[in-house]
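Please look through the sequence and the model below before reading on. The paragraphs after them go through a few places one at a time.

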Amino acid sequence: MKKHATTHKLLRVVLAGVLASGLMIPTAAIATEQENAAAVPVEEVASSAAAPQAEIVGPADGQWTNVGDFALLGGTVYSDYVITNNVLHITSNKPMTIKMAEGKTTTSQTIQIDAGIKADLTLAGVTIESATSSPINMITNSDEDRDGVKVVNANQIKNKTMLHLTLADGTTNTLKNTTANNDGWPGIRCGWGSVLVIDDSIRNLDTNNQIVTPKNGMIGEDVTLIGGQTLKAGDPITNMDSTNRGVLIAQGWGQSAGIGGGPKENGGTIIINGGDITSTSSSSGNLSYSNGAGIGGGAGGSGTTITINGGKVVAQAGYCGSGIGSGLGYYEGSGNMSCTAKADAIDIPTGKANDQGYGFFDSFTAEFQTGNVQSPGSRHYHTVAGDITLNGGYVFAKSGGHGNAFGQSCGHGPASNKNHLVRITGGTMITEADPNINNPWLYSIGARLGYTIVTGGSVFVQNRTTGQKQPMFQGIGDTAFNTTGIES
């Protein structure tokens with residue numbers, strides 16, 4: 001591996017051949033297990049949700065309707081939505097737009113995507129601050145057959161809960177959980193088994209409702225978007241961005257990701273196509289409560305599939321989580337793990353033999369020993385960063401006090417990315433991780449036991465100024481590889 005002489009270095013990648021400095025070719029490919037993220041949550045679905053009592057003021061469909069503290073455009077009460085106990089339940093796939101009702105600037109009322117629903121919502125100026133739930137809570141369809149037994153793997157769910165979330169042009173949407181204890185919630189909860197797509201007003205969908213994924217940082221082939229825009233192969237992907245994109249501010253608290261999993265919960269499939277997004281796992285006075293990723297897993301939870309195709313994304317980790325990736329994996333009995341998963345969350349499996357590909361809870365083993373792991377004789381949550389891909393857009397990923405900026409969480413626990421990939425094919429990646437912290441070391445990008453692949457885009461990493469002074473990639477080879485043939 002080639003050592004870099006400068007303290008800060010911008011690694012600009014256009015073609016694989018440009019990556020000769022500091023990049024290597026791995027000798028073997030790896031296979032990973034991941035959810036199929038190709039489908040988008042805009043397909044037809046029939047809701048079987050019962051219609052509880054509602055508080056509705058105004059006409060049904062065709063114009064803005066006051067629903068509690070919200071105003072809705074589109075949909076019909078009982079058929080598509082209902083509000084009960086200060087929760088606005090979305091019960092169908094009908095496209096709807098939500099803003100604050102006249103005279104309301106903020107609310108503690110929340111939005112829930114009921115289990116198995118494929119929701120299509122546009123936020124047009126919403127501020128939710130809740131101490132009791134996620135401002136947007138996607139219920140995991142983990143007991144699909146209603147037999148009282150949850151699935152053990154997200155791939156077992158045939159009818160996943162999905163949300164296509166559009167940020168209306170020129171609007172600011174703030175989703176904050178304010179639970180300052182160990183059992184908080186994400187700003188947007190999307191746990192393993194659910195699928196979240198975030199976009200701006202120019203939806204990155206073709207006429208078949210399939211996501212248009214950039215290739216080598218550009219439009220890969222001629223395509224007509226669902227909105228009618230015609231794009232050519234080689235066009236800049238910014239042609240799929242709104243010039244007045246909406247803003248989303250998401251804050252998780254109490255062992256939760258800003259966007260993703262809650263306490264002891266893996267994050268779900270998260271795809272970002274556009275928008276101006278800031279997602280934070282907030283620290284509190286008690287750092288033991290601040291262990292979620294900015295985007296990804298909650299405390300004890302892994303990132304699973306996170307794909308960024310466009311937009312601007314700022315992700316700030318909790319104290320021991322990652323900016324984008326996994327939450328803290330720590331040992332049984334620690335205050336950092338004194339939290340409870342939500343009732344519908346797919347449980348983190350107990351025992352290495354029951355590993356479902358995204359972490360497990362079991363005795364610590366030497367396989368994961370790197371650095372100063374706390375209490376290695378105890379049982380730990382073995383978290384993985386997940387399959388994280390940047391295809392386009394601008395991303396600023398920032399670590400907390402511990403944990404990497406883009407990849408794994410705090411190295412005091414058995415965090416890794418075994419059998420998974422961190423991949424960058426386009427866009428701009430800026431990372432911030434303190435290069436002087438050595439207990440444990442913080443890295444800009446990557447995770448133990450996994451490859452980091454960079455074949456395009458612009459990537460900023462920091463060199464350490466003390467100690468080993470190597471580039472701040474972590475994983476196999478502690479570098480980034482420029483190989484295109486690795487399967488994810």
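This is a predicted model: local features need pLDDT of at least 70, side-chain atom pairs count only at pLDDT 80 or more; totals for chains, interfaces and linings use all residues.

Residues are numbered from 1 along each chain as its sequence is written, and side-chain values use heavy atoms, with hydrogens and water left out.

Start with strand β32, residues 421–424. Strands (E, at least two residues) are DSSP runs, numbered from the N terminus. Two strands pair if DSSP finds at least two bridges between them. Strand β29 (residues 387–390) runs parallel to β32, and 3 bridges join them; here threonine 389 has arginine 423 as its bridge partner. Strand β35 (residues 451–454) also pairs with β32 in the parallel sense, over 4 bridges. In β35, isoleucine 453 stands opposite arginine 423. Buried means under 20% relative accessible area, exposed over 50%, and partly exposed in between (1.4 Å probe, protein chains only). Both faces of β32 are covered, with Leu421 and Arg423 buried on one side and Val422 and Ile424 buried on the other.

The loop between β31 (406–407) and β32 holds asparagine 417. Is asparagine 417 buried or exposed? Asparagine 417 counts as buried because its relative accessible area is 1%. The residues it touches include Val384, Gly386, Val422 and Leu449, leaving aside those up to four places away in sequence; contact means heavy atoms within 4.5 Å. The side chain of asparagine 417 also reaches the backbone nitrogen of alanine 385, at 3.2 Å.

Salt bridges come next. A salt bridge is a side-chain nitrogen of Lys or Arg within 4 Å of a carboxyl oxygen of Asp or Glu, and the count by this rule is 8. One of them joins lysine 104 and aspartate 69, at 3.5 Å from N to O. Lysine 104 is in the loop between β8 (96–100) and β9 (110–113), and aspartate 69 is in the loop between β4 (65–67) and β5 (70–73), so the pair ties together parts 35 residues apart in sequence. Lysine 104 is partly exposed at 39% relative accessible area, whereas aspartate 69 is buried at 15%.

Another salt bridge links the side chains of lysine 150 and aspartate 347, at 3.1 Å from N to O. Lysine 150 belongs to the loop between β12 (136–138) and β13 (161–167) and aspartate 347 to the loop between β26 (324–325) and β27 (360–363), so this pair connects parts 197 residues apart in sequence. Lysine 150 is partly exposed at 24%, and aspartate 347 is partly exposed at 45%.

Arginine 189 and aspartate 344 form a salt bridge too, with their closest N and O atoms 3.0 Å apart. Arginine 189 is in strand β15 (residues 188–189) and aspartate 344 in the loop between β26 and β27, so parts 155 residues apart in sequence are tied together. Both arginine 189 and aspartate 344 are buried. A network of salt bridges links Arg189, Glu265 and Asp344.

Last come the backbone angles. Most residues other than glycine have a negative phi. Arginine 146 has a positive phi, near 55°, and lies in the loop between β12 and β13; this residue is exposed at 54% relative accessibility. Asparagine 419 has a positive phi near 70°. Asparagine 419 is in the loop between β31 and β32 and is partly exposed at 43%.

Note on methods: A polar contact is a pair of N or O atoms within 3.5 Å; within protein, one must be able to donate a hydrogen and the other to accept it, and residues adjacent in sequence count only if both atoms are side-chain atoms.
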